Amino acid sequence: MGRAGSGERRSAIEAIGVSKVFGNGDDAVRALDNVDVTIRENEFFTLLGPSGCGKTTLLRLIAGFDFPTEGEIRLYGEDIAPLPPFKRPVNTVFQNYALFPHMTVAQNIGFGLEMLGKPKVEIDARISEMLKLVRMEELRNRRTSQISGGQQQRVALARALAPRPKVLLLDEPLSALDFKLRKDMQIELKRLQHETGITFIFVTHDQEEALTMSDRIAVMSKGHILQIGSPRDIYDRPAERFVANFIGDTNFLEGQVKEVRGSKARITLDAGAEVEAGISEGANPQGNVTIVVRPEHAAIQARPGADALKGTLENIVYFGTDTHFHVKLASGPHFIVRQQNRHGAGEEFKTGMPVGVEIGQNAAQVLKD
Amino acid sequence: MASTFSVKRQTGFGTIALLCFVLLYVPIATLVVYSFNAGPSIAIWEGFSWRWYIAAWNNQQIVETSIRSFVIASIAAVVATTAATMAALATTRTRPYRGLNFIYGFINQPLMVPEIVTGIALLIFFALVKIWTGYTGLGYLIVAHTAFCIPFAYLPIRARLENMDLTLERAAADLYATPWMTFRKVTLPLLWPGIIAGLMLAFVVSLDDVVITELVKSGGQDTLPTYMLGQLRRVVTPEINAISSVFLLISIVIVTLFFFLNRKQT
């Protein structure tokens, strides 16, 4: 999952200066605002963001259900933005699956190939192949209303993969499944992507889903892409406050830039200590800045060290696998430390006692905003 | 007072309900019962007999007008349903446009304009057309029936289209189906129950229309209902009960089919 950095692969989809405006005049809504993104061939790419961020709009523009107000959408270098959906070698897995209720499982899977005018023998062979791929051979002649939600999901996947699209679009396909099934399907989707070698563009609002499945993630908000990177990049080195907040739990600390050296900056924190923090690409931190530290990248000390942040332990929340320590720093802000529970560890801590918080090496990142 | 409010337990509810059913069904039941009367009266029971059914079957005029009714109803229902299907597609499968509500009203106009007004308007208009063209055939009745059948066919078809998941059509387009193939392979097969329901409703409505037919028909163009109305002005025998009963049976069968088709949708 962490090998997303290889930049040599060809680009499958490029969005160049894409904007989408719905409505006009005073009611106009800018669902996408000058978005640029390149999605590489054979990658599992996720558009992540809260509802209304523009991720589904971008997907619909790639599928052809809507057309951009401005900009180009290129598929292997060719501008496909003006083409209707039935002329794009791109298929979609819909949120509600949208299986044809008047057709059998096999007819659903064969629909795309039938529309492409493929010979019947080839269609039948491909249907069998796809049923095998999604492990549904025995349900070939069932009606789609006679199969479970998870099975419908697999049929929807098989149907979209059957015509061998250049890119597969997935619009929150797991949101209708229950927790256990969702976990299974996450693994299943990774397997399918690996086996078919097709570029997947996956839309979700679930940060955990995005982190576990993607090669790269684009975090979106209010029609903009805020950051694109591997799950590790996004999680460990969030560039903006929104990204840090949206994905996982985060501590924010204020400080002053002391010096910048390469991709690192030394920051004098208002809380009293000095830390080294990473700088996002293209950022040039000066003066007052905010840094982020993930709760598990800090350690709590019963006997504070010299460069630890001093504070009072306000609350201890036990989660089974780990424990959250809520610390009120002497300088004012709250800080949460997450520590994995090991046998016997952590029992020395009591609420109300003075503690120290130590920020780990390479744990801090300077925000752009 | 733990029980929740129920209209069923309100004072007088049962009585009113019963009264409604009596008013609705007792006259019809009487009509059907007396169609089996052995005697020539519609009021004095003289024993059971199929006599009047046989008489009606052998009455050349009844056969003739029945056939005419079925011909008109069949053609009018098919043409009206075709037009209604297209209208329903045009009012549900497009982006909302200015005047859409006006168009709804326009299509459903025959439901709102008093039938007698439509009938008289058609009478006058067709009189002019007859003078211009000289044509006096069944075409006028078919055109008139088609016109007032359209809203009856339109409503169930539109309801079906509105309940249909739009992403199905989107999915078809995504899977390389052109708009025409999407319509043929996805929209139309899913729309069939609505179309059949609309067709049957239009058929029934055309079959028992009196007012417009009475005003538009030329001499010798009686349909079964206008013939029956004409008969009532002369001697009334249980023959009229017998025809009415058969008519009733046909309507019930069609409406029941319509009901089941509609239920299948949901």
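Two residues are in contact here if their C-beta atoms, placed from the backbone, lie within 7 Å.

## Chain B

Let's start with chain B of this predicted model. Of its contacts with a separation of 6 or more, 78% are between residues 24 or more positions apart. Chain B has twelve helices and zero strands, where helices (H or I, at least four residues) and strands (E, at least two) are DSSP runs numbered from the N terminus.

The C-alpha atoms of chain B fill a box of roughly 75 × 70 × 30 Å along the principal axes. Its radius of gyration, taken over C-alpha atoms, is 23 Å, whereas a compact globule of 266 residues would have one near 18 Å; that rule is 2.2 Å times the number of residues to the power 0.38. Of the 266 residues, 32% count as buried, a label that requires 20 or more other C-beta atoms within 10 Å of a residue's own, with C-beta atoms placed from the backbone.

## How to read the model

Residues are numbered from 1 along each chain as its sequence is written, and chains are lettered from A and ligands numbered from 1 in the order in which they are written. In this predicted model, local features need pLDDT of at least 70 and side-chain atom pairs count only at pLDDT 80 or more, while totals for chains, interfaces and linings use all residues.

## Domains and a sheet in chain A

Chain A is assigned domain 1 (11-236) and domain 2 (249-366), with bounds from an automatic or database domain assignment. Their C-alpha centres lie 39 Å apart.

Chain A also holds an open sheet of four strands in the order β2-β1-β4-β5, with antiparallel pairing; strands pair if DSSP finds at least two bridges between them. Because β2 (29-40) and β5 (78-79) of chain A each have a single partner strand, one side of each is left without a neighbour in the sheet. Strand β4 (residues 70-75) of chain A meets β5(A) over two bridges, and Leu75(A) stands opposite Glu78(A) in β5(A). Helix α1 (residues 55-63) of chain A packs on the sheet, touching β1 (11-22), β2 and β4 of chain A. The direction of this helix makes about 115° with that of β1(A).

## Where the chains meet

Now for the interface: 16 residues of chain A are in contact with 15 residues of chain B. On the chain A side, β6 (90-93) and α2 (105-115) are the elements that give two or more residues, and α2(A) supplies the largest share, three residues. That side divides into eleven nonpolar, five polar and no charged residues. Nonpolar covers Ala, Val, Leu, Ile, Met, Phe, Trp, Tyr, Cys and Pro, charged covers Asp, Glu, Lys and Arg, and polar the others, Gly among them.

How values were computed. Axes are lines fitted to C-alpha atoms, for helices over the stretch in contact, and angles run from 0 to 180 degrees between N-to-C directions. A residue is buried if 20 or more other C-beta atoms lie within 10 Å of its own, exposed if 12 or fewer, and partly exposed in between; C-beta atoms are placed from the backbone.
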